[in-house]
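Work through the exercises below with the sequence and coordinates open. Each task is followed by a solution in steps.

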Amino acid sequence: MSNPVAADVQGAGRAWRWGWRWWVPTLAAGSLLVMNEISQLLGTLSTGGHFSYDMGALTGPPGLLPVDPGERIDAIRAWTAWAGQASPDASSGEAHLAGWLALHLALDFVFFAPALAFGLYKLLHRVLGLRKEQGTSRAVPCPDGLVKVLVLLYLLADLAETATTGGLVHAGLSGGGGLSAWAWAVTVLSWFKWLALGAAVFLAVAVLVVDVLPVRLTRWFIRWQCGFSASTRSWTRHRVQLVAVACLAALVVLPGGGPLEQFPDIQRAWVHQGEDPFRAGDVVGPVITLLGLSLALWVAGRWALLDGEPGERRKAHGIVVPLTVFGATLLVVCCFWPVFSAQHWNQKFGALAIPLIALVTALAGLFVRGPGPAPGVVRPPTWNRGRVEGIGRALTIMPLLIASLGLVRSFARPVLLGSLVEGAGVSTGGLRFCFWAGVVLSLVVPPALHAFLWWWDRLLFGAADKAPTSGATSRRELVPMITGGVLLAVTASFGVLTAVDPLGWGSRLRTLGVLSLFLTTVVLLCAAFVRRAETRMPYRAFRALRFRSTPIWLPVLAVLVTQSMLDTTGVYHAVRLKAPGAAAPTPPPSFSSRAEFADWYEDAAKCRDGLPEEATGNALPMLFVAAAGGGIRAAYWTSSGMDRLTEASPCTTPSVFGLSGVSGGSLGFSAYALSGHAPGAGGDTPQDTAPGAAAPGARSGPAVEADPAAPARSREIVRRLADEDALAANVAALLYRDGTRAFHGMNRMLDQVVGDRASVFERAWERSWPGADNAWEKDYFTVTGHPPHGRDQAAAPGPVLILNGTDVRSGCRIAVSAHRTAGGATGDGGLRCRKAVVSRPASDPQFTTATVDALGYTDPADCRTDDAGLRMSTAAHLSARFAYVSPSGTMYRCVPRGNGAGGDAERVAESVSSIDGGNLEGSGIAALLELWSAVEPAVADHNRRVGTAEGAGTRYVVPLLVFLDNHYSVETPEPALVPADELLAPSPV
């Protein structure tokens, strides 16, 4: 007879051994993240005469034959050339370069390559195991010994390649000879490595396609016809948890471009806020919600075991549940009738999508008949329970591991840069702490939590592969049920609070906390539905379609599609408008290039006249500044570039004639318009100027004076926007407002319009303004507009500011500007913006083509009022609505219906929908070139008069284009010309 104490000790030891095996995937994943950051850093290093290379130039596939190691040699030379120019101290750049390469090679040699070979062997061994389990003939000769040999050859070639790459790097950095020999050795070893890997993958694919898949598909088809489910399923019982963990990993830890780069950027910005006090809530919210998500995954894993359920499926009623959903939905509508009646009539139809689908399901259950699947055993067999329980335990740990690796990903790059950024005034103490905290937590938490969960499951429920005692049987059913119910009630309550106030609760929970809270609710709901579907026969309507269980996703998808088809108004994503005040400004006149140039020249020349003659010369620069997109990073770099540009000389500010931004660049220009440099925002009085006197280049625009507490520099304004509050509020509104509205279709609470995530995003920007007089809430056309030519000349005109968006339907540019760029007030509609225009009358000039003026689309959708305003935050966002982060913003213009005219004619709304301007043109230069084409004749006439009696005392005007990019500087030569691949030329590959 076995000793139970010894069995428990042996089981605990096995749990700890399995727990510490978490180190293998954790070290491999962490190494991959750091190696990826190093590779990206190397890809940004460039000097004149060399291309830029990432680490793939040394370790990437060499092609079909190892014929040319020249790329590896040039990569080493390019990096060493950069190291000599990286800093005034050449040794610092060389030390950093050597450290990056050594760390990359060490991580690859010690952790990543062995872990990858081990994972490859386990995968191939599993493929051969599947074939062995089937007991069928083996058409592909692939013994287990051959798999071991191929994996061992791959590992040895990989390790030898890494070691030889180290010799290549040492020879290149030390300037010694033999660089070509080392490069040839790396190339040959790399070829052998990829050859062994390709052979192993080819054998695995061949075994799957020839020996495994035909048999598996045949057996699956027979089970599908008979309606049976495989009792040996392990991973598919956890499909809900797998999807949740995959979503969390994709958003937090996996390297990605586009909007996925905003999360680590904002995390680094939060840690770098040196003058802001550390708030414990910034950490408590994410930690508590991550623990809640882990608990939800544990509950779902216990539910997957189907404890307490009978051995056969219960019969499902065909119409009771759908009719119950139908009646409950109608009851809710009746109880909240004032809210329902306040919706637009199209939105009322959309709100009925849930009862409509429930009614259709019930009717289908009455009239549709089918053989349906036979009842069968649904619980995992005793010998498979341990595997199912172990998978659930592993998934429980994943959220904390993902969050820890997310810290490693976010803070690896500034730690790698080290003194290179410290020399630029960046303190890396907090960044290093977060990085090493992520490393330590990722190594300590998984094994410790795994051992604790194993002990906890044994204590409450007994061994998974043994018959439970009477007390353990009830605990297996009741403990997960009670825990899941309480946790669902708590998370649903916080979800309601977050939907009501995404700004407040988003700032408390932070981005990771909001995401974890939402995933916790979704996991519990979906796991409960899946448990019910596993233990009951499918409804009649689904039985006729041969479903083995009720597909929960199908009615959910039907509700989403039905709601989107019934709700055709599209007013939910309408742009926020600012109600016109009693002293609303009159609409601006049509754009006059000569008048704009005359006002600009008068202001710029006046500033130059106040400077010493030797500092001015006889030329006057005319600056056209464009800024590309790139998220919050682009906004900060644009604002910093404008600060540096305008601080270089007191007369740089009046020399700027035009600004054109896209996406994040538009946000940076908007911050510049609100800073002390721009009209209407005030600014600091220079110390060498007496109080009350105007400094050279000072401007006083038409807007009200600035709040003294407001930041004077535009980069400070953007720095406040980079706080995580805005992103957290946006994610909260996306999940709890826009996501839930996709089901119920309503967006009004009585007379209160519920804003979408775009409006929440804008209000978060407005909350970042420190002063009482919020500049982000000011009217965009007032702040950036110009007084009519010849009037109020005490107010300087300021630059022509154009924020570029893109119309979703027509693909035309949407110009957000205080100037009419596309013609008069009644210019072409959004759907006719591509109409060919050969010439325009002098009374209706334009300087842009295929463009819609946002200035003409500021009417509400119901056409009850006219000419509302746009807040500064809304105008900046119109150009920066990146896909999925923000929805497209719909703007309306009310026109008479048909041929009606006059004030009594019925009016209808035409609309355009603005998304990110980078979808059309990502640099912002196109609009400036069109602006220059309009003003160039006036500049040419002026320059012809300089030096003549008519132009006495004037200066030459020299146009200059300034482009504020937000990527790393690249100084590489043009690539060599190679023949085009005609086979792939027609495809988008």
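Predicted model: local features only at pLDDT ≥ 70, side-chain atom pairs only at ≥ 80, totals over all residues.

Residues are numbered from 1 along each chain as its sequence is written, and side-chain values use heavy atoms, with hydrogens and water left out.

**Exercise 1.** State the secondary structure content and the buried share of the protein.

Solution. Step 1: assign DSSP runs (helices H or I, at least four residues; strands E, at least two), numbered from the N terminus. The assignment gives 31 helices and ten strands. Step 2: apply the burial cut-off, under 20% relative accessible area with a 1.4 Å probe, protein chains only. Of the 989 residues, 48% are buried.

**Exercise 2.** Compare the span of helix 2 with its expected value.

Solution. Step 1: helix 2 covers residues 23-43, 21 residues. Step 2: the expected span is 1.5 Å times one less than the number of residues. Step 3: the first-to-last C-alpha distance in helix 2 is 30 Å, close to the expected 30 Å. Step 4: list buried positions in helix 2, among them Leu33, Val34, Ile38 and Leu41.

**Exercise 3.** Describe how helix 27 (residues 724-744) packs on helix 28 (residues 757-767).

Solution. Step 1: with axes fitted to C-alpha atoms over the stretch in contact, and angles from 0 to 180 degrees between N-to-C directions, the angle is about 155 degrees and the axes are 8 Å apart. Step 2: helix 27 and helix 28 are therefore roughly antiparallel (over 145 degrees). Step 3: take contacts as heavy atoms within 4.5 Å; residues of helix 27 including Leu727 and Arg737 meet residues of helix 28 including Phe761 and Trp765.

Technical notes
Parallel < 35°, antiparallel > 145°, perpendicular 65-115°, else oblique. Buried < 20%, exposed > 50% of the residue type's maximum accessible area, 1.4 Å probe, protein only.
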